[in-house]
Amino acid sequence: GYQIAYGFIAHVDNIGPYDPKAMTLFDYRTDHLEPGSAALADAIDRPTFMYVMPLQQYPDGSYRVFFEETSLVGEGKRRLSFETCKARAMKRLEFLGIDVLGLEEEEYCYIPMGGELPDRFQRVVGFGAAANMVHPSTGYQVCRMMASANDVAENIAKGVHSGIPPDVLAATTYSKIWNRRSRGQRNFQVYGGSFLEQQPVSILRGFFSAFFALDDAVWGGFLAGYPSLPGSHLHETWRA
């Protein structure tokens, strides 16, 4: 599946119900869509949520804010378009009484989720997104990449200085990225992504309410979801 999102930095006259001192995650509300409409039916079946990240408040009380309307994960008929995400975002802001005074920039996100891991026996070593390090339930990737960078660089440096054959060096380097433990952890995350993409919006609201009611280390560890990152040990085995 894919994570699809339309994001934009906007100058707005107010911030509505959002907290100006915090980032809002997973706003799955649909009250901005007309009851009984095709748009509401589609949003129930193929949900999107809003990220809100306030960046600056101006002396006149207006704000500079990053908004992003996101389809967490979808494939086939459940995959949304950028146009749909943009239309929902603007409809949401209009309903909340937030007037967009100007757009600073826009972004269009198309993130592959899950999928096959790279061939660990090939000579070319992929890294980051090329090694499919995107979290298959969330779309996050940067922290996972940075967490593995030292091990990968150190392994390559030692191998080069020791004269290890390139094929062997490539294989041992891949083992630093996708060893048995990290592959097992990823399998659980792929299961999570497959579960989430099948749920209607009402189930997702309940799921994330329960998810964020867990201890910070538990839900934070799942969002990070890679060995050596905080809370990761809580998700590295099926028993955990």
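I looked up Cys109 and found that this residue is buried, with a relative accessible area of 17%; buried means under 20% relative accessible area, exposed over 50%, and partly exposed in between (1.4 Å probe, protein chains only). I noted that this is a predicted model, in which local features need pLDDT of at least 70 and side-chain atom pairs count only at pLDDT 80 or more, while totals for chains, interfaces and linings use all residues. Residues are numbered from 1 along each chain as its sequence is written, and side-chain values use heavy atoms, with hydrogens and water left out.

Next I searched for disulfides, meaning pairs of cysteine sulfur atoms within 2.5 Å, and the structure holds zero of them. Cys109 is therefore in no disulfide, and the nearest cysteine sulfur, that of Cys85, is 9.5 Å away. Cys143 is exposed, with a relative accessible area of 51%, and its sulfur lies 16 Å from the closest cysteine sulfur, in Cys109, which is too far for a bond.

Nine of its eleven residues are buried, so β1 is largely enclosed by the rest of the structure.

Which strands pair with β1? Two strands pair if DSSP finds at least two bridges between them. I found that β1 pairs in the antiparallel sense with β4 (residues 63-74) over ten bridges, and also in the antiparallel sense with β5 (residues 100-112) over eleven bridges. I followed Phe8 across both pairings: its bridge partner in β4 is Phe67, and in β5 Phe8 stands opposite Glu106.

How values were computed: Helix = DSSP H or I, 4+ residues; strand = E, 2+ residues; numbered from the N terminus.
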